[in-house]
Amino acid sequence: MNGYWNKILRVDLSNGLIQNEKVRDSVFKRFLGGVGLAAKIILEEVTPDAKPLSSDNIIVFAVGPFQGTSVPGSGRWIVASKSPLTGIWADSCAGGNWGPEFKRTGFDAVVVKGKADRPVYLWIYDEEAEIKDASGIWGKTTSEATREINADLNEPKAKVACIGPAGERLVKFANVVNEHGVAGRCGLGAVLGSKNLKAIAVRGSRRIDVAKPNELLKKSKFLSRKIHDNTVDDMRKYGTTIATKEMHDKRGYGLTRNWREGTFDMIDKIDADHFFNITVSPVACTMCPIACHRHTKVGKHSKYAYEGYGPEYETIAMLGWLNGVSDAKAIGYMGHICDEYGMDTVTTGSMIGFAAECYEKGWFKKEDLDGIEIRWGDADLMINLINKISRREGLGDVLAEGIVKAAGYVGHEAQSIILHVKGLDYPAHDPRALYPLLINYATGTRGACHQRGFVPDGFGGEVIPEWGITEDYMERSRYDMKNAANIAIKYQDWAVIFNSLVQCEFMPFGGLSLTDQVEFLKYVTGWDVDLKYLAEVAERIFNLQRVINVYWGISSRDDTAPLRCFEPVKEGKSKGKVPKPFKEPLMEYYKLRGWNNDGKPTAQKLVELGLVEAVKTLEMEANPSKTNNPK
C-alpha cells in the first residue's frame, strides 16, 4: 500500500525470537500510523496488571505514512508504552533522522517485549533484524553508545536511538535519544533499561512508493520554501530559544522559584541572543525547512565547556528560569549532560525546583542532602544534583522516582507545592497566562503536556480555521474558561494527527495547515479523504488512548489541576490571574467528547467511532475482578 509497508517487526528479548507480522490496509486507514498504530497494539497486548518495568510490558517504535517522503517536517518517529513514571499511557515523538531511516528498512513499527538476559541492542536493516551484544557499551553515555554501535556495525551512516546511564538505572524520567532528537517525558528510556535493551540501530535502502509523486514533490517544494521563508529570521536563526522572552514578557508565565513569581529579574541574560552566542550552527531533522535544533559549543576555558545539541526553550525555562539560573553557558551544559545521561530536562528541572523549595521551607535539612545546601540560582549545585539523580545517589535516588513519590517521601505539605497531572510534571507553559491550557493538562492522555494539545501555539497565530479556531477566537479566550473545553479538544486532536502521520508540530509556525496535511495524505496514499475523515481519525485515536487509561485505572478523579495554578502571581503580565472555574469546563469537556461524568468514553461514542474493540475492553474494566494498574 502506498505510504506503508504493511509490516511490523516483533522482537521477544526473553527468548531471542524475531518475527515479521503483516498488517491489513484497514488498520492504517483507521489509525494512520505512529501513535494511532501504537495505541491499537498496546490496547490489545498490555493488561492493567502489567507493571511498566516488567517483561510483560511492551514498547512500540513507529512511524507513519510521511516518513521516507518529501513531506516537510517528516523527520520524526514515535515511541509508546506504559509509563514507569505515571503508570498510564505514554508516548513521545522525536526528531533527527532515525524515523525516516527506520521507515526505509521496510517496517512501519517495531514491537519489543520480554527482557534480555544481558545488555543487547537491536540492529534493523532492509527487512532483517538481529539482536546483538551490548555488554561493552552498557554504562556509556548516549553519544558514546552511538559512536560505538556505529563502529561495531561498521555502518557510520546507521541511525541509533539509545538510552544513557539514567535509563539503565531505571530513572523514572529517562529518555530515548537519537543524534539531536530526544523522545522525552514519561520515562520510556527506563522501559528500555528494564529490558536490557541499550539501543535500536537502523539502516535502510528501501524506497517507499507514493500514489502521486509529481503532485507530492511540487507541493512539498512549495510549502518547504514557504515555511523556510516565514521562519528564517526567527526559528531558523534562534531555534526555540526565541520563546523565552516571549513567554516571560508577553504571556506573563509565572515560573520563577518553582512557579511562585511572575517575573525573573535576570531573564534578559537567558534570552535568544545569549544562546545564539554559543551556537555553532542550526541543525535540521530530515526534510525540515526550519532547522530549529542547535549545534552549540562552550569553549574549553569555561567550567561549563561542552559541545553538543540544544538547549531548547523547555530546557532553558525549567533548568534556568524556574530555578533562578541566569547563565546561558551553565544552562547549555546542564541540558547537555541530561542528554548524555538520557534524562528529561523538564522533569529534571521540576525535581530540582521542588527540592529547592522544600529546603527553603525547612522540609529538607542539610543532613538529608549529603551536606548540600540548596540555593536558588546555583548552577553548580544543580549540576551536582543532576549527577546524583542519574546515578541514583543519596537524594538523587529519591528524586529519580518522580515528583509524586518524592513529595510523598518528603511529607509535610509537599503535595501542595507540586505541579503535575497523573504524575507528569507541568512543562514550562503557565495556565494562569493561557486558561485553556488548564483543561488540556487536566485531560491529557499522558498527563500534563503542551505538546499533546499545543494550546500555546494558538495564541501565537498557529490556528485551525478549518475547525473554527481563529486567532481572534483564541485571543478572546486567553483569560476566559468559556471556550477552554472546545479549544483543548481541538488542539489535542490536531496533536494526534501530527503524531500519527508522523509530522513535526512546528511546521504551522511557517504556514502548514490542516488542509495541507489532508492534501499530503492524499498524494502519499492515494486515498480519497477530506477534513472530516482526518477529524474522525484524530477523535478515534484520542478516545482509544483514553480507553487504555480507563482500562488501567484512570477516571475523572485523575483529571486534576494543582493548587498552585489557583495561586495568582503578584507581578508580570498575568498578575492576579487564575484559571477559574475549573469543574464546569471539565464537565463541558466530557460532554463534548461524548464521555460520561466519570471521564469514561460511552459505548455510543466508541461505536460511533468504529471502536468496537474498545467497548469490549471497557466492559472488562467494569468487571470487579479486574486488577487495577500498579504504578
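Reader: Where does Ser477 lie?

Author: In this predicted model, Ser477 sits in the loop between α20 (471-476) and α21 (484-501).

Reader: Is Ser477 buried or exposed?

Author: Ser477 is buried, as its relative accessible area is 0%.

Reader: Which residues is Ser477 in contact with, leaving aside its neighbours within four places in sequence?

Author: Those contacts are Tyr435, Pro436, Phe459, Asn483 and Ile487.

Reader: Let us turn to the whole chain. How many helices and strands does the protein chain have?

Author: The secondary structure consists of 26 helices and 17 strands.

Reader: What is the radius of gyration, and what would a compact globule have?

Author: The protein chain has a radius of gyration of 23 Å. For 631 residues a compact globule would have one near 25 Å, so the value agrees. Along the principal axes, the C-alpha atoms fill a box of roughly 60 × 60 × 55 Å.

Reader: And how much of the protein chain counts as buried?

Author: Of the 631 residues, 65% count as buried. The accessible surface comes to about 21,800 Å², and 46% of that belongs to carbon and sulfur atoms.

Reader: What share of the contacts with a separation of 6 or more comes from residues 24 or more positions apart?

Author: Such residues account for 70% of those contacts in the protein chain.

Reader: Now helix packing. At what angle do α13 and α15 cross?

Author: Helix α13 (residues 328-341) and helix α15 (residues 379-391) cross at roughly 5°, and their axes come within 10 Å. The two helices are therefore roughly parallel to each other.

Reader: Which residues make the contact?

Author: From α13, the contact is made by Ala330, Tyr333, Met334, Ile337, Cys338 and Tyr341. From α15, Ala379, Met382, Ile383, Ile386, Asn387, Ser390 and Arg391 take part. By class, this contact has 10 nonpolar, 2 polar and 1 charged residues.

Reader: What about α23 and α24, at what angle do they pack?

Author: The angle between α23 and α24 is about 120°, with the axes 12 Å apart. That makes α23 oblique to α24.

Reader: Which residues meet there, and how do they divide by class?

Author: Glu539, Phe542, Asn543 and Arg546 in α23 meet Tyr589, Tyr590 and Arg593 in α24. The residues of this contact divide into 3 nonpolar, 1 polar and 3 charged.

Reader: There is a proline in the loop between α23 and α24. Which residue is joined to Pro581 by a cis peptide bond?

Author: Lys580 is joined to Pro581 by a cis peptide bond, with omega about -5°. Pro581 lies in the loop between α23 (531-551) and α24 (583-593). The peptide bond from Gly310 to Pro311 is also cis, with omega near 0°. Pro311 is placed in the loop between β15 (306-309) and α12 (313-320).

Reader: Staying with the backbone, what is phi of His412?

Author: Phi of His412 is near 50°, a positive value in a residue other than glycine. His412 belongs to the loop between α17 (403-410) and β16 (420-421).

Reader: Does His412 count as buried or exposed?

Author: His412 counts as exposed, because its relative accessibility is 60%.

Reader: Then Lys422: what is its phi, and where is its place?

Author: Lys422 has a positive phi of about 60° although it is not a glycine. Its place is in the loop between β16 and β17 (424-425). Lys422 is buried, since its relative accessible area is 6%.

Key:
Residues numbered from 1 in each chain as written. Predicted model: local features only at pLDDT ≥ 70, side-chain atom pairs only at ≥ 80, totals over all residues. Heavy atoms only, no water. Axes fitted to C-alpha atoms, helices over the stretch in contact; angles between N-to-C directions. Helix = DSSP H or I, 4+ residues; strand = E, 2+ residues; numbered from the N terminus. Parallel < 35°, antiparallel > 145°, perpendicular 65-115°, else oblique. Contact = heavy atoms within 4.5 Å. Nonpolar A, V, L, I, M, F, W, Y, C, P; charged D, E, K, R; others polar. Rg over C-alpha atoms; globule rule 2.2 N^0.38 Å. Buried < 20%, exposed > 50% of the residue type's maximum accessible area, 1.4 Å probe, protein only. Areas by Shrake-Rupley, 256 points an atom, 1.4 Å probe, with all protein chains shown as cover.
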